[in-house]
Amino acid sequence: MRAIVVGAGIMGLSTAWALSRRGCSAVVVEQHQVPNPLGSSVDQHRLIRYSYGAQASYTAMVADAYAAWDRLWADLGRSLYVDTGTLCIGAEGHGWLNDSAATLERRGDAVEWLSQTDLARRFPLLRLDPRDRAFLLPSGGVLLATGIVEALARYLPVAGVAIRAGSAAVSVDPERATVTLDNGEILSGDHVVVAAGPWVGRLLPELAGRVTPSRQVLTYLYPPPDQALAWSRMPMVLDIDPAFGFYLVPPVGGTLMKVGDHSFSLTGDPDRDRQVADAETASLLEGCARRLAGFDRYRPGEAKSCFYTVEAEERFVVEPIGAAGWVMTGFSGHGFKFGALMGEAVAETLTGDRSPTALPRWAAGHDPQAPEGPTA
Ligand SMILES: Cc1cc2nc3c(=O)[nH]c(=O)nc-3n(C[C@H](O)[C@H](O)[C@H](O)COP(=O)(O)OP(=O)(O)OC[C@H]3O[C@@H](n4cnc5c(N)ncnc54)[C@H](O)[C@@H]3O)c2cc1C
């Protein structure tokens, strides 16, 4: 079996990896270089964490995601993951915070609620508000994202996968499993998989109204030198307030500390809108000043923009297109952690080892066994 995969982000590369493990042949076409610095997958880090609000299916999927990463680490010969633990914080009555804790507790996972006193004692680097509540999870950590994409790009050719960097797909025929490249060449296989990140609507216009590119801003930060060691031992901090939506990645595994805004912009063109305006950086730093004690001692680093591809309910879209095609999209700001797992799931489906009707529901965070219709 031969598959043509469009896109060398984490989804396309993971699918090619999983296909190669199943003895299939795969060609990956990528419009830019690999890693593509403009792709959603390429940055120093991506977080993996169990706290998922009320979304029990995605919470449960995280354990499977860890197992899939372990299989990838075994093939790559090294792990590109650093454990940090997860600190979830928010104002009293905060929906996402309470829902996450309730979902985890229902599964029997340990959720350590911290009193204000404990919070202040254990996390003096944070600035707290008397209305804050917080819980700590021992699980969760940092996937070294660019390192993973680079390692896959080195490993896959050795495993027999061809990577065609600098080749843009201009059209896809999912009935015949063909992909036409910008040089006029037509590649054909038994299946075509489109994993084109925020560019998906250009190749498959029928998806353009269903998933929306969303320009997001992040900034690196240099903590005061006397706090660098303490920060390297901090958990990730998630303050997913609907009004602000802040996440903080501690400086681990040779990376920089990073803060990003999780509130969706739902605007932007991934080829053009890359410059970060001073006002955007200022607004992010204002959020940091609300959360980090003595923030005037921090030095802001580079600010960057990056694109999410957002489905209305933040559900992943892994669906058949035509007789011989699949699309993987809608991974929003939470897809990377499931990259290896999604790649395996698509490869299993293409090789007939997984139900093609159950896969879209599972990927969308619905229980595949449950009757059709939205689940919580
Ligand atoms: C700032 C930010 C923070 C995030 N944080 C997290 C996090 O902490 N945890 C988490 O799990 N997830 C996180 N995410 C989400 C996650 O990174 C994405 O969901 C995931 O990387 C999407 O991968 P992808 O392969 O679908 O897309 P991409 O990485 O964008 O890959 C798509 C590739 O397809 C190529 N392509 C597109 N069109 C064509 C074409 N016509 N021909 C050839 N090639 C084409 C593109 O050039 C690109 O390289 C974050 C995302 C961002 C932007």
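Reader: Which residue stands opposite T178 in β12?
Author: T178 faces S188 in β12. Strands here are DSSP runs (E, at least two residues; helices are H or I, at least four), numbered from the N terminus. By the way, this is a predicted model, where local features need pLDDT of at least 70, side-chain atom pairs count only at pLDDT 80 or more, and totals for chains, interfaces and linings use all residues. Residues are numbered from 1 along each chain as its sequence is written.

Reader: OK, and how many bridges do β11 and β12 pair over?
Author: Three bridges, in the antiparallel sense, with β11 covering residues 178-181. Two strands pair if DSSP finds at least two bridges between them.

Reader: What's the strand order in that sheet?
Author: β10-β11-β12, an open sheet of three strands with antiparallel pairing. β10 (169-173) and β12 (186-188) each have a single partner strand, so one side of each lacks a neighbour in the sheet. The twist from one strand to the next averages 20°.

Reader: Switching to helices: at what angle do α1 and α5 pack?
Author: About 40°, and their axes are 10 Å apart. Axes are lines fitted to C-alpha atoms, for helices over the stretch in contact, and angles run from 0 to 180 degrees between N-to-C directions.

Reader: Which residues make that contact?
Author: From α1 there are I10, L13, A16, W17 and S20, and from α5 there are I148, V149, L152, A153 and L156. Contact is counted if the C-beta atoms, placed from the backbone, lie within 7 Å. By class, that's nine nonpolar, one polar and no charged. Nonpolar is Ala, Val, Leu, Ile, Met, Phe, Trp, Tyr, Cys and Pro, charged is Asp, Glu, Lys and Arg, and polar is the others, Gly among them.

Reader: Now the ligand. Which residues come nearest?
Author: G7, G9, G197, F331 and G335, out of 38 residues around the ligand. To be near, a residue needs its C-beta atom, placed from the backbone, within 6 Å. The shell has 19 nonpolar, 16 polar and three charged residues.

Reader: And why does the ligand lie between the domains?
Author: Because domain 1 (2-62 + 144-209 + 313-363) and domain 2 (83-143 + 211-311) both give residues to the shell around the ligand. Those bounds come from an automatic or database domain assignment.

Reader: How many residues of each domain are in contact?
Author: 35 residues of domain 1 are in contact with 34 of domain 2. On the domain 1 side, β3 gives the most, with three residues. The centres of the two domains, taken over C-alpha atoms, are 27 Å apart.

Notes
Two residues are in contact if their C-beta atoms, placed from the backbone, lie within 7 Å.
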